[in-house]
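Please read it alongside the sequence and the model.

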Amino acid sequence: MSTNSDYHSMWANLGLDLAKHDALLGALGQLYQQTFLAQRDRPAGMAYFDFVMSEVHGLRIKELVDARAAGRKVVGSFCVYVPEELILALDGVSVGLCAGAEFGFDAAEQYLPRTTCALIKSFFGFALEKVCPYLAACDLVVGEATCDGKKKAYETFAGLVGRFHAMDMPQHHSPEGRALLKAEFLKLAGELEEVTGRRLEPARLRAAIATVNARRAALARLARLRAADPAPISGLDALLVNQVAFYDDPVRFTKAVTDMCDELERRVASGEGVAPKGAPRILLSGCPMAVPNWKVPALVEQAGAVIVGEESCVGERGARNLVDATGETVEELIDRLVDRYFQIDCAIYTPNPERLDHVRVMRHDLRADGIIHYALQFCTPYQMEAIGVERQLEAEAVPVLRIETDYGAEDAGQLRTRIEAFIERLRG
Ligand code: SF4
Ligand code: SF4
């Protein structure tokens, strides 16, 4: 990660704590080296994503600062329910806010119970320790009332950021739930118009829908290519691409993914891959993995298996289903957005049978031998669903390993043992 001294004045202007920020970037750089650059047979196309990551707090932040200087607004969010199409249609820049590192947890626990998931503690820690330039560059932060943890945490978090918009969320896939989501999208549209000083126009909204659709289609193409055996790309690299999707310029990102997919198609045609043909194939399912939460995928692939898909918001759940861009008015187009976003099968919904069905479909399509269900400790929605997922799939003779963990390294040894035993079971 670039700690280029040229960026220090930019970080200082954003109000970051430079000493803590340097320490964070130093640790991230080392972790990236060990986790990603040490892999073998990576596609050449990953060079772009390595570059983006090396400049994740440098060049990309400079782009945000320059965009703001040119009058554009930066909008941060934590969840794939926030419709980025509305932000882009108002010439805003949408950024996902980092919540994947154990940093500042002591400070976070001054505001949150210890029994809060690592994702929430992480975004508090980053804000309190002043180490997140994305958050610092935001003109608006959107927080969705998904799980109870986030819902309550945002009450306090709103006071730590400049401008905060709370978005209510349905909990049922019912007509009333859909109506609530639509009302919230309309409210968010009003807030974004106020922040940006612009009006939503159908043509611009259609163009924004096309931009985000193109990115989702590129990610879906990448996901499909992973069905090949041997897999043409590691699960770690594919996860990284999905993580970068939350930070990068969407048009540039789509081109980089498309170019890499061309390369992966050539790899598949020539039988080239990242793991030996026949290596155990794993589908990861569960909580989203934000940068730099790479612990479990790294352990899985270091143990000789290959991850072929992520049933997760940083992965399939965030990227699947395109928005139908037909509509003459802003409200018609917002209806089309609701149609797409309402299909997201997050565990905050009850009941949520669509998610298990989709795990089955992904396992079949990607030819996965087993499922690793990944839940963060204290994440009640995914921990609860994990038990049903495990029971149902094991009853269908699909091997499942259920993991609950956090962002720390303390349990890495124990996890490695369990993961290796699971992979042996798949080989058996
Ligand atoms: S898991 Fe649910 S709350 Fe978390 S990002 Fe996905 S949709 Fe949002
Ligand atoms: S990981 Fe679970 S508890 Fe944490 S924010 Fe997401 S849904 Fe909520």
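**Notes on the predicted model**

1. In helix α19, I419, F422 and I423 are buried, where buried denotes 20 or more other C-beta atoms within 10 Å of the residue's own, exposed denotes 12 or fewer, partly exposed covers the values in between, and C-beta atoms are placed from the backbone. Seen down the axis of α19, these buried residues fall within an arc of 100°, so they line one face of the helix; the arc is that of the directions from the helix axis to the C-beta atoms. The face turned away from the buried side carries the exposed residues G413, Q414, T417, A421 and E424.

2. This is a predicted model, in which local features need pLDDT of at least 70 and side-chain atom pairs count only at pLDDT 80 or more, whereas totals for chains, interfaces and linings use all residues. Residues are numbered from 1 along each chain as its sequence is written, while chains are lettered from A and ligands numbered from 1 in the order in which they are written.

3. The buried residues of α19 pack against α14 (295-302), β7 (370-376) and β8 (400-405). Contact requires C-beta atoms, placed from the backbone, within 7 Å. Helices (H or I, at least four residues) and strands (E, at least two) are DSSP runs, numbered from the N terminus.

4. In α18, the buried residues are P381, Y382, E385, A386, V389 and L393. Their cover includes β5 (281-286), α17 (353-365), β7 and β8. Just after α18, A397 takes a positive phi of about 70°.

5. Ligand 2 is surrounded by residues that include C117, T146, C147, K150, C287, C379, P381 and Y382, a residue being near if its C-beta atom, placed from the backbone, lies within 6 Å. The elements giving two or more residues to this shell are α7 (118-128), α9 (148-157) and α18 (380-395).

6. The shell around ligand 2 divides into 9 nonpolar, 2 polar and 1 charged residues. Here Ala, Val, Leu, Ile, Met, Phe, Trp, Tyr, Cys and Pro count as nonpolar, Asp, Glu, Lys and Arg as charged, and the others, Gly among them, as polar. Around ligand 1 there are 9 nonpolar, 1 polar and no charged residues; among them are C79, T146, C147, C313 and C346.

7. In the largest nonpolar core, of 144 residues, L97, C132, L222, V257 and I282 touch the most other members. Such a core is a set of buried Ala, Val, Leu, Ile, Met, Phe, Trp, Tyr and Cys residues joined through C-beta atoms within 7 Å.

Terms used. Contact = placed C-beta atoms within 7 Å.
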